[in-house]
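Please work through each task before reading its solution.

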Amino acid sequence: MKVILQRVTKANVKVANEKIGEINHGYVLLLGIGGQDTHEIADKMINKIKNLRLFADDTGKTNLSINDVNGEVLIISQFTLYADCRKGNRPSFTEAAPPALAEALYTYFIKASKPHFTKIAHGQFAASMQVELVNDGPFTVVLEMG
């Protein structure tokens, strides 16, 4: 499982020009699901994200977690995180989970995240989406589990 985490001041996702998810201060999570991923890996990723200290305290140090600042989370399915561009000019996605597994784990990830964060918004699996965000910092972290 791969996540590109971006700390944001606001973000939203649209499908067919209709806004389907929106957050303020928090994280945008671009979630890539691999063929070997499981519920246990998803749970570990959620716990890692929940406990990361990426927000500044009163002294300016990144000492606060998303829950310390009542941050919100926008989760976007992003199979292209598994693009393998080592050979040729066209990416291969053989390491990405098959659609049925990816959708099931994406749905699980959203549901399993709800008890851990103030607000969860999300995109639509396998849809063409437009994601708008204001990266705060900019602060971007790459996470991998599995």
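**Exercise 1.** In which strand is the place of Ser 65? Determine also whether Ser 65 is buried or exposed.

*Solution.* The model is predicted; local features need pLDDT of at least 70, side-chain atom pairs count only at pLDDT 80 or more, and totals for chains, interfaces and linings use all residues. Residues are numbered from 1 along each chain as its sequence is written, and side-chain values use heavy atoms, with hydrogens and water left out.

Step 1. Ser 65 belongs to strand S5, residues 62-65; helices (H or I, at least four residues) and strands (E, at least two) are DSSP runs, numbered from the N terminus.

Step 2. Ser 65 counts as buried because its relative accessibility is 9%, where buried means under 20% relative accessible area, exposed over 50% and partly exposed in between (1.4 Å probe, protein chains only).

Step 3. Not counting residues up to four places away in sequence, Ser 65 touches Lys 50, Asn 51, Leu 52, Arg 53 and Phe 55; contact means heavy atoms within 4.5 Å.

**Exercise 2.** Identify the residues with the most contacts inside the largest nonpolar core, and the element that gives the most to this core.

*Solution.* Step 1. A nonpolar core is a set of buried Ala, Val, Leu, Ile, Met, Phe, Trp, Tyr and Cys residues joined through side-chain atoms within 4.5 Å. The largest has 29 residues, and Leu 5, Tyr 27, Leu 29, Ile 49, Ile 75 and Phe 109 have the most contacts inside it.

Step 1. Among the elements that each supply at least two residues of this core are strand S1 (2-15), helix H1 (39-51) and helix H2 (99-113). H2 gives the most, with 6 residues.

Step 2. Beyond its neighbours within four places in sequence, Ile 75 is in contact with residues including Leu 29, Tyr 106, Phe 109 and Ile 120.

Step 3. A second, separate core of 10 residues includes Val 8, Leu 74, Ile 76 and Ala 121.

**Exercise 3.** Describe the aromatic pair formed by Tyr 106 and Phe 125.

*Solution.* Step 1. Rings of Phe, Tyr and Trp (its six-membered ring) pair if their centres lie within 6.5 Å; planes under 30 degrees apart count as stacked, over 60 as edge-to-face and the rest as tilted. The count comes to 3 aromatic pairs.

Step 1. Tyr 106 and Phe 125 lie 6.0 Å centre to centre with 40° between the planes, a tilted pair.

Step 2. This pair links distant parts of the chain: Tyr 106 is in helix H2 and Phe 125 in the loop between strand S7 (119-122) and S8, 19 residues apart.

Step 3. Tyr 106 counts as buried because its relative accessibility is 3%.
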